[in-house]
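Student: Could you show me how to read the features of a protein model, one at a time? I would like the general idea before each case.

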Amino acid sequence: MSIRKAVSVLLTRDPNSTEVFLVERNPSLKFFGGYYAFPGGVLDEENEAVDVRRAEDFDREALQFLLAAAREIFEESGVLLSRGQSHIPPAKMRSYREQLLKREIDLAAILNHERRFLDAADFHPLCKIITPEFSPVRYETQFYWAILPEGATPEIWPGELVSGRFIAAEEALAQWRRGELLIVPPVVTILRELAGRSVIKCAAIVNDIAESYMRGKIHRVYFTPGVQLITLKTRTLPPATHTNCYLVGESEIYIIDPAPADPTEQARLWDYLDEQSAEGRELKAILLTHHHSDHVGALRECSRRYGLPILAHEQTAANLPDFDFSGYMQHGDELELGAAPDGQPNWKLKIYHTPGHAPGHLCFQETRYGAVIAGDLISTISTIVISPPEGHLATYLKSLQFLESVTAGALYPGHGPAARDGRSAVRYYLQHRQEREQKLLAALNSQPQSLPDLLKKVYDDVDPAVWPLAQHSLRAGLIKLLEEGRCQQVGEAYRAVSPSKK
């Protein structure tokens, strides 16, 4: 799991206000496409041949972060946070920006040519946040806040970004709660502390929150209002190392899949849930997507510690005979969530029975934003293993098709980050399964072949280290073809069915 270094700049016209500059990321981008964020990007090999004042105590990493912040804010908004006697005409500034974006020139050359310098005091360190473990690519992001230079106006050029605007933190959050604005999770956290305060007043609070994350405290991660994603280390199947637990609700909260068996990870979860209770939220019940051990490791202690009922599908309960279930959930049931984050009434959590990975598997959809908690029906870091006899591929595909029909918002997987366009994510996995089936059909011929022989042909595009897991899905694919009369089993081997025998 790699960690890349990045910068993000909270740009404000008045540090005593709550107004900030947010940019809209192109929906086509793989990382947070379609979300609003502060301007920023990843560190490059920054040219240090720049006159940087008041940076005597900076080590090389701190200097690289600062140079990256100055470069990124100029590339993305056209604002050059520098000082000097010379005035750069707008046409010349645009030319410099074009050359910088094309990598025909670097920031050092621009500043040196114009005899300008960077003042470290213009880049106020706000906090440093590392992406939680839900993502296979993580970012260690240094956040700064800076004041827009007098006479400067941010200008967004279409590309990685599609728009930008100054907006008060309170209004940005109101639009986010109404579902009108997608905002990246760390920016939601910062805006919540900024609202009603100002950048100057909230800076220390935001830094304290970020430092608590560095000490191991669970991040507050919202891709959708009212849905909190908590990533916890579990003994799960590779490439995953963590399982997502979810809290759904605002004043009344349901816990979905209390996952970790490890006492240290459980303690992190208890600390987080205790905070939720201290803030006046009522923990209502524990809901399970299915019975697999990497989703229920903290189930017993969570129920005991908070006195919570456990709800699941009846088939899931049958696979967990040592637990006391307070009731069963069926396809079409609904749970009351109270008022939605924007105050709208009649917010509910719909229950869908989606077997195939496990017989009692459930998905949950909240009705305000259409977000779906998909459990192990979807993983956004790998494909889901279908392991017969418990797993059944044809049934699993029907569940995916149903999920495609109802998903209208973000999709929250059992493993990996949320997918902004949930329906597209489901379609991608349906297409992937179809392509894998076509590859299996192409590998079959009139001669019986063993599972290991077929595995090498059908999964030649994946790391052989995961072939033992892939073999389960291969067997599930063969069972589907057997049921459809498209292949035959000969002892422990398989062959294609000739057209004359179909």
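Tutor: Gladly! Let us begin with exposure: a residue is buried under 20% relative accessible area, exposed over 50%, and partly exposed in between (1.4 Å probe, protein chains only). This is a predicted model, in which local features need pLDDT of at least 70 and side-chain atom pairs count only at pLDDT 80 or more, while totals for chains, interfaces and linings use all residues. Residues are numbered from 1 along each chain as its sequence is written, and side-chain values use heavy atoms, with hydrogens and water left out.

Student: Into which class does D274 fall, at 34% relative accessibility?

Tutor: D274 counts as partly exposed. R305, at 38%, is partly exposed as well.

Student: What kind of contact do the side chains of D274 and R305 make?

Tutor: A salt bridge, which is a side-chain nitrogen of Lys or Arg within 4 Å of a carboxyl oxygen of Asp or Glu. For D274 and R305 the N to O distance is 3.4 Å. The two residues are 31 apart in the chain, with D274 in helix α7 (residues 263-278) and R305 in helix α9 (residues 299-306). Helices (H or I, at least four residues) and strands (E, at least two) are DSSP runs, numbered from the N terminus.

Student: How many salt bridges are there by this rule?

Tutor: The count is 38. Another one joins E437 and K480, whose closest N and O atoms are 2.7 Å apart. E437 sits in helix α12 (residues 422-443) and K480 in helix α14 (residues 467-483), so this pair ties together parts that are 43 residues apart in sequence. Both E437 and K480 are buried.

Student: Which residues do salt bridges with shared partners join into one network?

Tutor: They are K217, R220, D271, E275, E279 and R281. Between E279 and R281, the closest N and O atoms lie 2.3 Å apart. E279 is partly exposed at 44%, whereas R281 is buried at 17%.

Student: How many disulfides does the count give?

Tutor: A disulfide is a pair of cysteine sulfur atoms within 2.5 Å, and the count here is 0. For C363, the nearest cysteine sulfur belongs to C245, 16 Å away. C363 is buried, with a relative accessible area of 0%.

Student: And what order do the strands of the open sheet have?

Tutor: Two strands pair if DSSP finds at least two bridges between them. The open sheet has 3 strands in the order β3-β2-β9, with antiparallel pairing. Its edge strands, β3 (36-37) and β9 (161-168), each pair on one side only. Strand β2 (residues 19-25) pairs with β3 over 2 bridges, and V23 stands opposite A37 in β3.
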